[in-house]
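Good morning, and thank you for joining the group meeting. I would like to take a few minutes to present one structure to you.

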Amino acid sequence: MSKDEAGRNGRAGPGASRRTFLRAGLAAGGAALMGGRAAAETAAGNPANLPPNVPDWSRYLGDGVAVRAYGRPSEHESHVIRRDVEWLTASRESSVSFTPLHELDGPITPNGLCFERHHGGIAELNPQDYRLILHGLVDKELVFTLDDIKRMPRVNRAYFAECAANSGMEWRGAQLNGCQFTHGMIHSVMYTGVPLRVLLAEAGVKPTGKWLLLEGADASGMTRSLPIEKALDDCLVAYRMNGEMLRPENGYPVRMVVPGWEANMWVKWLRRIEVGDQPWYQREETSKYTDLLEDGSARKFTFVMDAKSVITSPSPQAPVNHASGFTVISGLAWSGRGKIAAVDVSLDGGRNWRRARLDGPVWGKALTRFYYELDWDGSPLLLQSRAVDETGYVQPTKNELRAVRGLNSIYHNNGIQTWHVMAGGEVENVEVS
Amino acid sequence: MSRFREMRPLALAALLAGASVLAAGALLPAPTLATETRAAEATDGVTDGAFPELPTGLGLGRAASAEEIAGWDIDVRPDGLGLPEGRGTAREGEEVYIAQCAVCHGDFGEGAGRWPQLAGGAGTLASHDPSKTVGSYWPYASTLIDYINRAMPYGNAQSLTPDELYAVTAYVLWLNDVVLDEELELSHENFAEIELENQPNFFPDDRETAEAHFWREPCMEGCATGEAEIVMRARALDVTPEPGQGPTVD
């Protein structure tokens, strides 16, 4: 739409025309950076639907009830999807897709957008054929059906599941341009499940039982060793997420929930729990999910995900679409060690910090939403966020992590992220001195 | 043993006598059951932190047979617990490997394309470009035989016979100069004796001591000198997928 057209339709003063121009400029120059958001944000609107005209949806009937028996997002949100990065892995079936954090708000991830990480593709289990075997150093070796598990006492808890490799591509420097790709191996949903200790009590763990082996039913036979202290503390055998049954890609019908710990241990399609007196040193806790340090030695059993945060908007896929003025900075913070105590935001690359506002529930080991509102003068910003958890741990910079670990750890990168907001609103993933 | 289980013979007797399940339940003296939630007020509205006190001794699930467990319990530990009965040599394993593994992992474990490299990489762990293979990085041979058995070949897991498993494992260890004699027979009797060089270089998570300085008072003002300067840009690399290249919904 031209400036003249906007004027004829009576919708635009000078300010609106300028915004229209700005958006058109972003669409032409920054489409690649902005992802699918560009189409939605740059649409000036169809004059026929704008006041004083009466749009079709105000005249004609829409779909009736149950036409959409299982609802879906508006077609105008079709860009809000998981994405993958093909060059990351050799095969889609052992790979990862990323949660579109830049398009979400609040503390809960919608089920259909939760990032996926499979090692043998999605196992499609029939719930009638589901069995969980519990054996080893127990008084009674047992088999449970899904119905058995659903009859057990249950609890509801929201927890984040963060892949140990989240932000792993960024160890050597700024690489992927968007928080979906740099931070999107995470989701946080409300689980319904049975405390693992209730299940273990059915079998009776012998005093010599110190470790559990968790095993999935998929073609990768995913296995991890879990210390008994954690098993008896807050682990869940979960079958629902955000109220409905787990999605197949998230472990339908039953998965492990290991709060605060790296998501590889959240074994999906859980088929077997063995109790033993020592860890098993499976592939996923030797070859993988061990953290190589600069001297060639490696940490093992780095279970906890440390305090971390990221500004989700503005970010490279969610540029600022106004030249200046009131601006909401929105982000997520989380810690595997407990609750988020505070989040600080810097506009100048970490020289000065101001406390952000936590909003919504602050659950332990779950995503916590923060906001920082400012009157932006339109000049460039170097935006950062820094999480502090209830243990007093303060999210470090990437360089502080590198000073301890070097560049080859792959996993557990919780360093502070910097976004360069340019004059004009475009945003880039950068690192600062 | 819970009170619930002690009560079961009585409930069973009631069932046998033709009583309904409901009637059997009614025979259980509710106030003394371990299965009954007691601290109702303490659990009210709890959405966080420790779990409430919950009923146990539910009598759910049934006994697992030895045969059922044996079918699914395929894990192997470093001390050899769980090794399946079988035997094989690297020479025998070469044929299995070439037929079933080499297309992805390369004839000599060098890896094809982005598929995992299985051999080589000695002395690279402290370098700029570490190559973490079975020989250069893995701590235990048990992990190799366990993982091949449970997850390989990729797309046709749990398809090798025990003898093929020992043979192809021996071949991968031979590629890594761990097994030096192609005719050496590996079996459930000697497999646990294999030691890998890098095992001593793993140590348990020490973040709470090595990174104790991250527990601190956060600096709020003047936290670094001079203005921040951009030293790296993601756009310079330009590998982020562009719209239309990722998966789509329809």
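Predicted model: local features only at pLDDT ≥ 70, side-chain atom pairs only at ≥ 80, totals over all residues.

Residues are numbered from 1 along each chain as its sequence is written, chains are lettered from A and ligands numbered from 1 in the order in which they are written, and side-chain values use heavy atoms, with hydrogens and water left out.

Let me turn to the interface. Chain A brings 127 residues to the contact and chain B brings 95 residues, where contact means heavy atoms within 4.5 Å. About 9,100 Å² is buried between chain A and chain B, and carbon and sulfur atoms give 54% of that area. Buried area here is the accessible area (1.4 Å probe) that two parts lose on being put together, summed over both. Of the area that chain A buries against chain B, 8% is supplied by A:Arg157, A:Glu202 and A:Arg351, more than any other three residues.

How many salt bridges are there between chain A and chain B? The count is 13, a salt bridge being a side-chain nitrogen of Lys or Arg within 4 Å of a carboxyl oxygen of Asp or Glu. One of them joins A:Arg299 to B:Asp206, with the closest N and O atoms 2.7 Å apart. Strand 23 (residues 427–432) of chain A gives the largest share of the side of chain A that touches chain B, namely 5 residues. Strands are DSSP runs (E, at least two residues) and helices likewise (H or I, at least four), numbered from the N terminus.

Strand 23 of chain A also pairs with strand 5 (residues 230–233) of chain B, in the antiparallel sense over 3 bridges; two strands pair if DSSP finds at least two bridges between them. Within this pairing, A:Val430 has B:Arg233 as its bridge partner.

Strand 14 (residues 298–300) of chain A pairs with strand 4 of chain B in the parallel sense over 3 bridges, and A:Lys300 stands opposite B:Pro204.
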